[in-house]
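Welcome, and thanks for taking a look at this protein with us.

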Amino acid sequence: MTAEQQRTGGDTGRTDVDRAFLDNATYRSLGEQHLSPREERFEKARRTTGLVLAPLVTIVFLLLPTGLEDQQHTLAAVLLGVIVLWVTEPVPIPVGGFIGIAAIVLLGVASADEALVPFGSSTVFTFIGAFILAQAMLKHGVARRFAMFVLNLPGVGTSTVRVVVAFGAITCLLSAFVSNTATVAMLLPTAVGILAVIAKLLQSRGEVAEDFDPLRLRVGAALMLMLAYGASVGGLLTPVGSPPNLIGRGLIEEATGERISFLDWVLMALPICSLMFVALAVVILLLNRPETRRLEGVADYVREEKAALGRFSVAERNTLIAFAVTVTLWIVPGIVALVAGTESSTYETVSGRLDEGIVAILGASLLFLLPTKWEDREFTLRWSDAAKIDWGTVVLFGTGIIFGSLLESTGLAKTLGTGASDLLGLSSVLLITVFAVVLAILVSETTSNTASAAVVVPIIIPIAMAADINPLVPALAATFAASFGFMLPVSTPQNAIVYGSGAVPITTMIRTGVSFDILGAALIVLVIPVMAAAVGLV
C-alpha cells in the first residue's frame, strides 16, 4: 500500500483522519504530501536551492578573514550551513543536524565525546516520555475526550478563532507555574484531538477535498503554534515560569543588589504578557487563517462523538493515571517554590530529584506496567506503539542542544555580543536595551532559552555598567527576550514538540515566528522600562 493509500484509508480516496494523526511525521517527501502544483514547484525550488546553498555558505564563510579564533570561525561556518539545511530542507531536518555534528567533529571544533555529551540532556528525555504519553492518549481516545471538553466550553466551540484563543489562554496560564516544556507536552494530545475533530467536521460538511491532508490545515498550524508560543509568553509571568527567568533574576540581583520579589515580577510582567498574548493571537490568526471561521453544528457533532466514545475503558483510565502522576510531579517543584522560595534547600532538593525528563520517562513507563488484560499480560501500551513516536524531533532537538552548548563553550556567543557592542558604540539605556533584546532573540533561535539567558545577560550587565547606566532594565529585557526565538523547531523545546505533531510546516513556523519575534521585541523594549519604574525597581 502506498503512502497516499495509507493516508486515505486504502483505495477509497477518502482521508482517514484518525490514521493520519496516529501515523504523522514531521518530515515527509514530496511524494508523501498532498500539494497543489504551485506548492510543489515552490517546494522543489526550495529544496534544490538548499543542496547548493548550504555547502556554499559554509565554504565561503570558512574562507573569509573574520578575525575569530579558529574554533569559533569553524563553528560559525558549520552552523550557518546547518541553518540553511534546516530552512530549505534538501534533506530531512534531523539529518541536517547529523551532518552538522559530523562536520564539527571532522573539522576539529570538538571531539566526538565532547560534542555528543549534551545529547543526553534531560530535555531529550522529556520529549521521549511526553511523546509516548501523547501516543497512548491518541491511541486510546483520551485526547479526543479532552478535545470534546474544550469544544464544549460555553461560546468556544462555535468558532475556530475562539477555539485557538481559548486553548492559547489555557496554555498561557498553566505555563506560568508549570514549565513551558511540560505544559506543551501535557496539552499536545488535546490540541491534536481538537484538530482531528475540526478536520472531521470539515470533511463531513464537504468543505475540504475527499483526499485532503489533515496535517496541512491552516487551523492546525494556528492551534499548534498558539500552543508553543502561548507557553513561552505565559512562562514570562512568574519567576518560576521558565528557567531563563530564574537565571536573569539571579544575575540582576547579584549585579545591582536589588531584590526582585515574586510579586514585583508578576506585577511587572502581567501587562507585558497580556499585550504579548493579544499580539500573538493576531499574528497567528492573520498568517494562518483558519479554513472556516464558524463551526456550525459543532454542538451536535460533539454530542454524537461523546456518545460514541461511551464509558471510560480500562486503557483510558490507565492512561489518565499515568498522565496525572506525570503532571502532579511536574507541578510539585513550582508549588514548593511558591511556598518555600527558590533559594531554599527544599526547593533545590525537590526540583533536582523531580527533574522534568526523569518524571516524563517515569510516567511513560507506567503505561507499560498498568495492565488492561492481566490474564494475557496485556498492558496499556506496547513497544510497537511507542516506536511510532516522532524520533526525528528528538534527534533534531538533541542536535540543537549540541550547537547551543558549543556556542557557549567555544566563546562564540560572547565574542559576537561584545564585538557588536563595541562596533555600535552603545551609550544609552534605549540602545543597550534594543541591543540586549536583539542579541537574546538571535542567540535563542539557535540554542535553548536557558543557554541564551546564561550567555546574553552576563554580556549586557557589564556593557550597561561601562556606560554608567543601571543594568536592571537592559538585563530584564534580555531575560524576557531569551524566552523568544520562535522561528525554528530547535529554538525552544515547545517549538520542537509541536513541530513533532506534523501539523506545522517549517516554512509556516519561520514566517509566523519571525513576525512575532519582531512584534514581541518591540513590546519588550517599550513596556519593560515603564513597568519596571511602575513597580519601583528603577
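Let's start with a pair of neighbouring helices: α9 and α10 are roughly antiparallel to each other, because their axes cross at roughly 155 degrees and angles over 145 count as roughly antiparallel. Keep in mind that you are looking at a predicted model. The chain has 538 residues, and its secondary structure comprises 25 helices and two strands.

**The pair α9 and α10**

- Helix α9 covers residues 160-175 and helix α10 covers residues 180-204, and their axes come within 9 Å of each other.
- The crossing of α9 past α10 is right-handed.
- On the α9 side, the residues that meet α10 are Val163, Phe167, Ile170, Thr171, Leu174 and Ser175.
- On the α10 side, the partners are Asn180, Thr183, Met186, Leu187, Thr190, Ala191 and Ile194.
- Leu187 is a handy residue to look for in helix α10, and with a relative accessible area of 11% Leu187 is buried.
- Leaving out residues up to four places away in sequence, Leu187 touches Phe167, Ile170, Thr171, Leu174 and Leu227.
- Leu187 and Thr171 are 16 residues apart along the chain, and their C-alpha atoms are separated by 7.6 Å.

**The pair α11 and α13**

- Now turn to helix α11 (residues 218-234) and helix α13 (residues 262-287), which pack at an angle of about 165 degrees with their axes 10 Å apart.
- That angle is over 145 degrees, so α11 and α13 are also described as roughly antiparallel to each other.
- The crossing of α11 and α13 is right-handed.
- From α11, the contact involves Ala222, Leu225, Met226, Tyr229, Gly230 and Val233.
- From α13, the contact involves Cys273, Met276, Phe277, Leu280, Ala281 and Ile284.

**Cysteines**

- How many disulfides does a search of the whole structure find? The search finds zero.
- A disulfide is a covalent bond between the sulfur atoms of two cysteines.

**Buried spots elsewhere**

- Ile104 sits in helix α5, which spans residues 93-106.
- Is Ile104 buried or exposed? With a relative accessibility of 0%, Ile104 counts as buried.
- Setting aside residues up to four places away in sequence, Ile104 touches Leu75, Val78, Val109, Ala110, Ala115, Ile402, Phe403 and Leu406.
- Ile104 and Thr74 are 30 residues apart in sequence, and 7.6 Å separates them in space from C-alpha to C-alpha.
- Ser483 belongs to the loop between α23 (472-482) and α24 (493-499).
- Although Ser483 lies in a loop, Ser483 counts as buried at 1% relative accessibility.
- The residues that Ser483 touches, not counting those up to four places away in sequence, are Ser232, Leu236, Ser242, Pro244, Asn245 and Asn449.

**More open positions**

- Val530 is found in helix α25 (residues 506-534), and this residue is exposed, with a relative accessible area of 52%.
- Val530 and Val473 are 57 residues apart in sequence, and their C-alpha atoms are 9.6 Å apart in space.
- Arg377 lies in the loop between β1 (371-373) and β2 (378-379).
- Arg377 is partly exposed, with a relative accessible area of 47%.
- The backbone at Arg377 has a positive phi of about 55 degrees, although Arg377 is not a glycine.

**The chain as a whole**

- Across the chain, 56% of the 538 residues count as buried.
- Among contacts in the chain with a separation of 6 or more, 79% are between residues 24 or more positions apart.
- The accessible surface of the chain comes to about 21700 Å², and carbon and sulfur atoms account for 65% of that.

Terms used
Residues are numbered from 1 along each chain as its sequence is written. This is a predicted model: local features need pLDDT of at least 70, side-chain atom pairs count only at pLDDT 80 or more; totals for chains, interfaces and linings use all residues. Side-chain values use heavy atoms; hydrogens and water are left out. A disulfide is a pair of cysteine sulfur atoms within 2.5 Å. Helices (H or I, at least four residues) and strands (E, at least two) are DSSP runs, numbered from the N terminus. Buried means under 20% relative accessible area, exposed over 50%, partly exposed in between (1.4 Å probe, protein chains only). Contact means heavy atoms within 4.5 Å. Accessible areas come from the Shrake-Rupley method with a 1.4 Å probe; for residues, only the protein chains shown count as cover. Axes are lines fitted to C-alpha atoms, for helices over the stretch in contact, and angles run from 0 to 180 degrees between N-to-C directions. Angles under 35 degrees count as roughly parallel, over 145 as roughly antiparallel, 65 to 115 as roughly perpendicular and the rest as oblique. A crossing is left-handed if the near helix is turned anticlockwise from the far one by less than a right angle, and right-handed if clockwise.
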